[in-house]
Amino acid sequence: MITVLEVIKRTTEFLAGKGVEGARLNAEHLLGHGLGLGRMQLYLQFERPLTEAELEAIRPLVRRRGLHEPLQYIMGEVEFSGLKLKVDRRALIPRPETEYLLERVLKQLAEPPQTILDLGTGTGAIALVLAARYPTATITGIDASTEALALAAENATHTGMAGRVEWMTSDWYAALAPDRRFDLIVGNPPYLSEGEVAESKPEVKNFEPVGALTPGGNGLAALELIIAGAPARLSPGGLLALETGIAQHEVLHGWVAAAGLAGFESLPDLTGRPRYIFARTAG
C-alpha cells in the first residue's frame, strides 16, 4: 500500500511535469482536500497507508490540477478578508489585490457609509465584507451575470449574511432607479486588454469567466463607463474606489477630471504598482 507521503511525492512530480507552479504545495492541498484533512493533520499522517477508496477520491482532483484548473475551483472555497467564500467557474476568483483595495477603502472612510454599491460583484466578496463591517448599511451588489449573482447569494447564506445585500442583475448602473445614490461605489471591474488575457496563465484564460477579466479591446471600456456615470450615482462627498490596470492611470485621471470628480488618487498595490483609483464628489 502507498503512504500519504509517497502520494504527495508522486503528485508533486506529476504536477511539476505539467508545469504547475508550486507543485508540492498544490499536492499537499489536493491530498488534504481529498482526505478531509488540514495540512498540519496531513503532516502528522505521512506514514499512513491510503486505501483504494481514498486514492480514488484524490485522483480526479490531481487530474484537474494537471489540466491547470485553478486550485481554488477544485477545492471550492477561498478565504477573503476573514470570510470563507464558495468559488467556482461562475465568477472570478477573489484575489489579494482586491483584499488590499478594501483595506484602502476602510482607511479612507471617516464615517460609516450608509449606502454602498459593489460594481461587478462576482462571488459577492466585496459586498459581503462591507456588510460584515457596516451592519447598518444598505448594500447593493450588481453583476451582468446571473450565474455570478447566484453564487454571490449562496455566499451570503454560507457566511450567515443572507438578506444583508440586495443582488441585482445590471449592466453597470443601467438597472438602478434614476434617483439611487450611494455614499460608496466600489468595484473590481474587468480591466485587462484582450491581449493581456491571451497572454495570461492557463489557470486564468482557460477557466475564469472572460467577461470578468476583460471588456474587450484595450480593457478600458468598463472603467470609462463607470467613471462617467459615477457623479450621478454618488451622494455629496461620496467615494468612488476602483481596482484597475497598472498602466491605465494617466487615462483614468483625465476621465475623472472630465466627469467633474475631485481628489483623484492613484494608489499602489502590495507590489508597489499603481492599482487603485479613488475620487470623490464635492461634499
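Trainee: Okay, at what angle do α12 and α13 pack, and how far apart are their axes?

Mentor: Before that, keep in mind that this is a predicted model. The angle between α12 and α13 is about 25°, and their axes are 8 Å apart. Angles under 35 degrees count as roughly parallel, so that makes α12 roughly parallel to α13.

Trainee: And what's the hand of the crossing of α12 and α13?

Mentor: Right-handed. On the α12 side the contact uses Leu223, Glu224, Ile227 and Ala228, and on the α13 side Leu252, Trp255, Val256 and Ala259. Sort the residues of that contact by class and you get seven nonpolar, no polar and one charged.

Trainee: Which residues of α12 are buried?

Mentor: In α12, which covers residues 221-229, the buried ones are Ala222, Leu223, Ile226, Ile227 and Gly229. Their cover includes β3, β7, α13 and β9.

Trainee: Those strands, then. In what order do the seven strands of the open sheet come?

Mentor: The order is β5-β4-β3-β6-β7-β9-β8, and the pairing is mixed. Strands β5 (165-169) and β8 (262-268) are at the edges. Each of those two has a single partner strand, so one side of each has no neighbour in the sheet.

Trainee: How much are neighbouring strands turned against each other?

Mentor: By 15° on average, ignoring direction.

Trainee: What packs on the sheet at β4 and β5?

Mentor: That's helix α8, residues 146-158, which touches both β4 (138-143) and β5. The direction of α8 makes about 170° with that of β5.

Trainee: Which helix lies across β8 and β9?

Mentor: Helix α13 again, residues 249-259, running at about 10° to β9.

Trainee: Switching topic: at what angle do α1 and α4 pack?

Mentor: About 20°, with the axes of α1 (residues 4-17) and α4 (residues 52-66) 10 Å apart. That makes α1 roughly parallel to α4. The crossing of α1 and α4 is right-handed.

Trainee: Which residues meet there, between α1 and α4?

Mentor: Val7, Thr11, Phe14 and Leu15 come from α1, while Leu55, Val62, Arg65 and Gly66 come from α4. By class, the contact of α1 with α4 has five nonpolar, two polar and one charged.

Trainee: I also clicked on Asn26. Is Asn26 buried or exposed?

Mentor: Asn26 is in helix α2, residues 23-35. The cut-off for buried is under 20% relative accessible area, and Asn26 has 7%, so Asn26 is buried.

Trainee: What is Asn26 in contact with, leaving aside neighbours within four places in sequence?

Mentor: Leu15, Val20, Glu21, Arg65 and Leu71.

Trainee: Last one: where is Pro135 found?

Mentor: In the loop between α7 (125-133) and β4. Pro135 has 57% relative accessibility, so Pro135 counts as exposed. Pro112 is 23 residues from Pro135 along the chain, and their C-alpha atoms are 9.8 Å apart.

Technical notes: Residues numbered from 1 in each chain as written. Predicted model: local features only at pLDDT ≥ 70, side-chain atom pairs only at ≥ 80, totals over all residues. Heavy atoms only, no water. Axes fitted to C-alpha atoms, helices over the stretch in contact; angles between N-to-C directions. Helix = DSSP H or I, 4+ residues; strand = E, 2+ residues; numbered from the N terminus. Parallel < 35°, antiparallel > 145°, perpendicular 65-115°, else oblique. Left-handed = near helix turned anticlockwise from the far one by under 90°. Contact = heavy atoms within 4.5 Å. Nonpolar A, V, L, I, M, F, W, Y, C, P; charged D, E, K, R; others polar. Pairing = 2+ DSSP bridges. Buried < 20%, exposed > 50% of the residue type's maximum accessible area, 1.4 Å probe, protein only.
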